[in-house]
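Reader: I am new to this structure. Can you show me how to read its features?

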Amino acid sequence: MRIRKAKLPKKILETINLYRDKKPAEIKKIKARWAFGVNRKRVFRPSQGCCVFFVELKKLVGAADFGEMMFAPLNPRELFSGIDERDFRVAQVLAHWDKGGYIDPPEICLNRLGHVTFGDGRHRTIAAFHLGEKKIPVRVHRSLIKKVSTAINLMRPRRVEGLV
């Protein structure tokens, strides 16, 4: 079976090209805004049974499996892959943050081999990585906190920062 390449609408292609054409220094001016803590009312998709932790982004990128169902794994070192369907996800995140919007933290879990992977949010993670973020919030289901914390250091948000 052959997978056909999707034809994306003109507006989507314009969004992709807008961010593909920006220099890394321009992209780094965008501020990542996460919907949790004092901004939890901005959450788009509430996760039942999840807790929010911070992780060092560099360590998460180094430890995580960025695999996807239909494609080869994402390379977090590349902001854009050249595959429009993937690049739109990253460009959409950047555009949302660029307009001052908030986005849900990624949800991390473990795959069947015990490696850190994403239940949701691999493109958000890559976008934040290229913005130069040092730490990002992640959601972890309560049943996986101990197992995930053995694979990657989970840090609780501090109340004094107004994040919880």
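Reader: How are α4 and α5 oriented to each other?

Author: Start with the general idea. Two packed helices are described by the angle between their axes and the distance between the axes. Now the case here, in a predicted model. The axes of α4 (residues 84–98) and α5 (residues 122–130) cross at roughly 60 degrees. They come within 9 Å. α4 and α5 are therefore oblique to each other. Their crossing is right-handed.

Reader: Which residues of α4 and α5 meet?

Author: From α4, take Arg86, Arg89, Val90, Val93, Leu94 and Trp97. Their partners in α5 are His123, Arg124, Ala127 and Ala128. By type, this contact has six nonpolar residues, three charged and one polar.

Reader: Now Asp87. Is Asp87 buried or exposed?

Author: Compare the relative accessibility with the cut-off: buried means under 20%. Asp87 has 1% relative accessibility, so Asp87 counts as buried. This residue sits in helix α4.

Reader: What is Asp87 in contact with, leaving aside neighbours within four places in sequence?

Author: Asp87 then touches Ile16, Arg20, Phe80, Ser81 and Gly82.

Reader: On to the strands. How many bridges join β1 to β4?

Author: Look for the bridges and the direction. Seven bridges link β1 (residues 50–56) with β4. The two strands run antiparallel.

Reader: How many residues of β4 are buried?

Author: Five of the seven. Strand β4 spans residues 135–141 and is mostly covered.

Technical notes:
Residues are numbered from 1 along each chain as its sequence is written. This is a predicted model: local features need pLDDT of at least 70, side-chain atom pairs count only at pLDDT 80 or more; totals for chains, interfaces and linings use all residues. Side-chain values use heavy atoms; hydrogens and water are left out. Axes are lines fitted to C-alpha atoms, for helices over the stretch in contact, and angles run from 0 to 180 degrees between N-to-C directions. Helices (H or I, at least four residues) and strands (E, at least two) are DSSP runs, numbered from the N terminus. Angles under 35 degrees count as roughly parallel, over 145 as roughly antiparallel, 65 to 115 as roughly perpendicular and the rest as oblique. A crossing is left-handed if the near helix is turned anticlockwise from the far one by less than a right angle, and right-handed if clockwise. Contact means heavy atoms within 4.5 Å. Ala, Val, Leu, Ile, Met, Phe, Trp, Tyr, Cys and Pro count as nonpolar, Asp, Glu, Lys and Arg as charged, and the others, Gly among them, as polar. Buried means under 20% relative accessible area, exposed over 50%, partly exposed in between (1.4 Å probe, protein chains only). Two strands pair if DSSP finds at least two bridges between them.
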